[in-house]
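Please look over the model shown here before reading the briefing, and keep it open beside the text.

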Amino acid sequence: MDWENVRAFAGKELRDARHNRWFWLYTAVFASLALALSWMGMAGVGAYRVAGFGRTAATLVNLVVLIVPLMGLTLGAMSVAGERDRGALLYLLAQPVTPLEVLAGKFLGLGAALAGSLAVGFGLSGLVVAWRAGVVQLGSYVALVALAWGLAAVSLALGLLVSVLSRRASTAVGVALFLWLLLVFLGDLGVMGTAIVLRLRVGHLLLLALLNPLQVFKVAAILAVRGSLEVLGPAGLYAVRAYGARLMPLLVLVLAAWTVFPLSSVYLVVHRRGMT
Amino acid sequence: MSTLWTRFRRALAFLLLGLWWASAGALSADAQGPVLVVSPEGPYTSVQEALGEASPGSTVEVRGGVYAGPLVVEKPVRLVGVGWPVIEGNGEGTVVKIVAPGVYFGGFVVRNSGDSLDEENSGIAVEAPRVVVEGNRLEETLFGIYLREASDAVVRGNVIEGKALEVPRRGDAIRVWYSSGSVIEGNVVRRGRDVILWYSERLTVRGNVVEGGRYGLHFMYCDDALIEGNQLVDNSVGAFLMYSRRLHLRRNFIAYNRGPSGFGVGLKDMDDALVEENLLVDNRVGIFADNSPREIDSVMTYRRNLIAYNDVGVQLQPSVRRNRYEANSFVENQEQVHIAGGGRLRENVWEGNFWSDYAGYDANGDGVGDVSYRPQRLFEDLMGRYPPLQLFRYSPVAQALDFAAEAVPLVRPQPKLEDRAPRMAPVLPEGVPAPESRPQWAFGVGMAVLAVGGVVLMGWFSLGWPGDRRRGRRGDLPRPRFLSRQPEALAANGEEENMEPMVTVRGLTKRFGRFVAVRDVSFDVGRGEAVALWGANGAGKTTILRCLLGLYPFEGDVVVGGYHAKWQGREVRRLVGFVPQELSFHDDLSVEETLAFYARLRKTSPELSPDWAESLGLEELVGKAVGELSGGMKQRLALAVALLGDPPLLFLDEPTANLDVRSRREFFDLLCRLRDAGKTILFSSHRFDEVAVLADRVLVVEAGQVVSAGTLGDLAATIEGGVVVRLLVEPGQVEEAVRVLQRAGLEAERNGTGVWVCVPSHRKVEPILVLAGAGLSVYDFVLEPFSTVDHGGE
């Protein structure tokens with residue numbers, strides 16, 4: 001793989017993202033919501049002299065789970081399929097480059113764009129927290145940001161897989177939106193229903209829930225910010241007891257697997273079918 | 001009269017003052033007794049030595065210096081440190097042990113106890129009543145101050161910092177054990193395990209700061225205690241209160257307690273406690289109550305507390321009864337009240353509390369909501385019934401469920417409690433010693449760096465980064481193997497006489513699923529040759545070109561410039577300049593940026609040779625955005641991109657499909673010059689005129705196969721068989737033209753806005769004459785060989 005080409009494609013992708021209305025919309029929505037939520041979370045400083053970061057952290061985790069997959073999935077889904085629709089992909093691939101370089105460039109470029117977008121949102125939100133004197137460790141906050149980046153990478157990888165599998169950009173975006181709905185709502189709802197009906201054991205419930213990368217992110221984020229999972233009830237306690245100090249590395253590993261697996265599938269699909 | 005009264009009062013006041021002064025002086029002289037001074041210079045150099053000499057009631061004044069421990073105080077004396085004398089324990093046993101009643105011990109640094117949990121190694125151990133331990137600093141001690149059967153002690157104003165061990169291996173910063181009537185006041189505890197108060201009555205715990213430990217305060221069997229004005233911050237649990245009666249917890253600041261358990265205040269088997277005017281902020285659970293009260297006639301009262309920003313405001317076991325919650329403020333807790341195990345709370349009173357999620361109104365303006373507060377969240381209800389579902393806290397699905405329950409009353413659960421008189425505004429406790437909120441500048445700077453970093457990241461990699469153009473210079477880059485215009489380079493490679501074809505295709509087959517787009521195609525293209533793939537739309541020309549570029553997987557062999565397209569696609573594409581049918585540049589890039597980008601991919605300079613730049617009219621394009629270019633200009637730009645790095649081969653796929661007549665002619669003039677300059681050209685077209693102008697040789701493609709191949713002369717013979725005349729007529733006259741032609745016995749049909757007519761090649765002009773005879777105008781016509789016309793369309 002020629003990294004100079006990867007870098008060129010990543011740069012192009014980043015530039016395209018900057019010209020993409022959706023990207024700016026997502027950035028604006030995320031940043032303004034993060035800002036508003038931390039503002040409201042820290043409003044207690046004015047009203048009651050004290051306010052905790054705990055509440056703000058919870059709403060930020062919630063916001064990330066809702067918005068970041070939407071960003072990653074749709075932007076990823078639009079990338080390959082959109083260029084294929086316009087014929088631009090063919091023209092790029094007719095240059096002395098390989099599909100792998102194009103894909104790696106897309107992933108890294110879009111990933112960088114998303115990371116930048118999230119950093120802006122988290123940075124602004126953190127400024128509010130700092131100004132309003134929230135009690136928060138820099139380390140936990142940075143861990144939260146890093147995990148959000150991880151989730152962005154997961155959803156981007158899934159979006160790219162949807163993109164290379166779809167014939168048209170519109171189909172790709174539709175499938176991506178369905179996948180988002182599945183990950184954010186339907187999957188968890190299904191697991192909850194199953195758990196209630198079958199009275200699942202707590203360990204089984206945990207494993208079932210952690211099949212969803214969004215839950216993996218959430219559990220890891222709470223662990224990073226809170227230092228314990230007691231807030232997640234018996235399943236959280238079970239997780240800490242069963243895995244102990246290995247829990248965080250395991251969760252990060254699962255997120256990494258959720259990135260690597262779709263990307264490998266993308267590579268296999270492109271290798272078998274070609275990219276155009 | 002009034003003056004007299006005033007004088008009398010003044011005289012009385014002076015008399016009382018005089019009496020107080022005299023008695024205070026006498027008392028203090030009695031308390032101090034004789035003074036023995038210990039200092040490194042003498043008269044006493046050891047504390048233990050001075051203690052041996054001291055009589056009960058005397059004062060031992062110890063001046064700054066380091067004195068070896070352990071120290072045992074067996075007489076009721078005053079030990080006063082001046083200038084922070086250090087009692088050094090050298091890491092062994094307990095440092096100071098007080099076994100005589102009424103001892104005063106203050107102003108010392110007590111350092112470095114042993115670290116045996118079994119032996120309970122302490123900084124200061126007190127085993128006698130009425131001892132005062134005041135204003136000491138304890139450093140690196142396992143247990144801090146240990147009152148063991150030491151009633152009526154005063155532990156005041158000490159700073160205790162434990163050993164830097166893991167929490168379970170630390171000792172208790174303060175332990176009060178069977179020591180009733182003691183006062184623990186104004187101490188600061190950091191890095192301890194717990195502050196433990198067991199089996200002691202009438203304790204006062206006031207104004208202490210406990211942070212970074214396990215239990216901020218842990219009470220067991222301590223009746224009638226007053227816990228007031230403490231700051232319990234950043235521990236696992238703020239205060240855990242067990243098996244005690246009439247405990248009064250007021251005006252404490254209890255925040256950020258989030259470790260295991262994570263309760264602000266936990267109450268178990270407590271009776272008649274009064275919890276009032278505390279700030280309970282950002283704990284995992286603000287107040288946790290289990291089996292409290294336990295006695296049938298006792299009541300627990302919680303009033304005017306601020307319970308804010310906790311994950312759970314109040315968590316109760318379903319069995320909890322006789323709890324009164326009055327005038328508390330529940331602000332923005334993730335879950336205001338949680339019933340462990342679900343269900344409804346009974347026999348508890350909720351009255352006049354403020355609830356931040358109250359959605360009622362106050363029509364009469366009396367500050368009390370006119371409808372009850374009744375929390376009815378579906379997800380909370382499910383969590384209560386089936387606790388493992390707490391795993392889904394902070395997930396959007398939880399809000400979705402609550403929203404659904406709001407919208408559909410059928411699935412709305414029973415309210416877990418009811419407050420009939422909810423307050424419209426919070427009640428804020430006064431006089432609680434909360435720490436000052438100061439902006440966290442360091443964290444703020446970190447966040448500013450993060451935000452700016454985000455912006456930079458979005459801009460950094462980007463195409464417009466100045467460094468981009470520096471890369472892609474030619475110097476150290478591999479050069480293509482074949483360079484058409486540089487015979488000397490070829491000669492150097494010894495390939496001048498190599499007359500192998502530039503392109504060799506053998507048995508090329510391409511399937512898309514079951515559809516065979518290209519079937520067993522074989523041909524060669526010689527160096528410097530211009531070869532046309534001629535055929536109708538959909539015949540497979542484009543697919544052949546893409547296979548040659550290595551863009552599709554395929555069956556068969558394709559060798560271009562000595563490289564196999566199947567697994568050396570990149571090398572093949574480095575030799576080929578490609579112009580596609582549909583151009584797709586980025587409209588917002590300028591022409592120079594576009595050339596720079598593709599030059600970077602081709603590892604070459606974005607500059608064309610002046611000759612070609614002039615021929616392509618690049619000067620005219622410079623400075624324009626691609627979006628502003630006409631179709632012809634874009635096609636010239638595409639050719640310029642294809643010529644970057646001067647590749648020996650050009651592949652063009654229907655390059656003039658979207659051009660007008662003039663642009664098409666100009667473009668083909670350019671291509672002819674390229675051919676004459678020695679480029680090998682393979683192009684696809686369905687237009688005979690283009691093929692006739694440019695191609696040395698023609699491959700006729702039909703239904704994915706090369707049906708014939710040869711020179712133009714050979715092709716002309718093929719065309720002798722029959723020809724298709726495509727006619728362009730008035731849009732409104734297409735149907736009529738078809739009818740007229742068919743009446744004249746010609747094979748005609750409509751094709752979009754034009755008409756196709758199949759005629760023998762010697763009667764090509766006949767359709768035009770027939771239409772002219774019928775008074776219908778013909779604007780344009782194109783002739784094509786019959787075999788290349790795709791009757792099914794593409």
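Two residues count as being in contact if their C-beta atoms, placed from the backbone, lie within 7 Å. By that rule, 74 residues of chain B are in contact with 80 residues of chain A. This is a predicted model, in which local features need pLDDT of at least 70 and side-chain atom pairs count only at pLDDT 80 or more, while totals for chains, interfaces and linings use all residues. Residues are numbered from 1 along each chain as its sequence is written, and chains are lettered from A and ligands numbered from 1 in the order in which they are written.

**Where chain B touches chain A**

- Helices (H or I, at least four residues) and strands (E, at least two) are DSSP runs, numbered from the N terminus, and the elements of chain B that give two or more residues to the side touching chain A are β30 (279-281), β33 (306-308), α4 (396-407), α5 (441-460), α9 (569-575) and α10 (591-601).
- The largest share of this side of chain B, 12 residues, comes from α5(B).
- Sorted by class, the residues on the side of chain B that touches chain A are 42 nonpolar, 15 polar and 17 charged, where Ala, Val, Leu, Ile, Met, Phe, Trp, Tyr, Cys and Pro count as nonpolar, Asp, Glu, Lys and Arg as charged, and the others, Gly among them, as polar.

**Helix packing in chain A**

- The axes of helix α6 (residues 99-131) of chain A and helix α12 (residues 247-273) of chain A come within 10 Å and cross at roughly 150°; such axes are lines fitted to C-alpha atoms, for helices over the stretch in contact, and angles run from 0 to 180 degrees between N-to-C directions.
- Angles under 35 degrees count as roughly parallel, over 145 as roughly antiparallel, 65 to 115 as roughly perpendicular and the rest as oblique, and α6(A) and α12(A) are therefore roughly antiparallel to each other.
- The crossing of α6(A) and α12(A) is right-handed, a term used if the near helix is turned clockwise from the far one by less than a right angle, with left-handed used if the turn is anticlockwise.
- Residues A:P99, A:L100, A:L103 and A:F107 of α6(A) meet A:L263, A:V266, A:Y267 and A:V270 of α12(A), and this contact consists of 8 nonpolar residues, with no polar and no charged ones.
- Helix α4 (residues 53-86) of chain A and helix α10 (residues 213-226) of chain A have axes that come within 10 Å and cross at roughly 155°, and the two helices are therefore roughly antiparallel, in a right-handed crossing.
- On the α4(A) side the contact is made by A:A57, A:V61, A:V65 and A:P69, which meet A:L214, A:F217, A:K218, A:A221, A:I222 and A:V225 in α10(A); by class, there are 9 nonpolar, no polar and 1 charged residues.
- Helix α10(A) also packs with helix α7 (residues 138-165) of chain A, at an angle of about 170° and with the axes 9 Å apart, which makes α7(A) roughly antiparallel to α10(A).

**Strands and sheets in chain B**

- Two strands pair if DSSP finds at least two bridges between them, and an open sheet of 12 strands with parallel pairing runs in the order β4-β7-β10-β13-β16-β19-β22-β25-β28-β31-β34-β37 (chain B).
- The edge strands of this sheet, each pairing on one side only, are β4 (71-73) and β37 (335-339) of chain B, and the twist averages 10° from one strand to the next.
- Within the sheet, strand β7 (residues 96-98) of chain B runs parallel to strand β10 (residues 122-126) of chain B and is joined to it by 3 bridges, with B:I98 opposite B:V126 in β10(B).
- Another open sheet has 4 strands in the order β41-β40-β43-β44 (chain B), with antiparallel pairing, and its edge strands are β41 (515-525) and β44 (563-564) of chain B.
- Strand β40 (residues 503-512) of chain B is joined to β41(B) by 7 bridges, and the bridge partner of B:L508 in β41(B) is B:V521.
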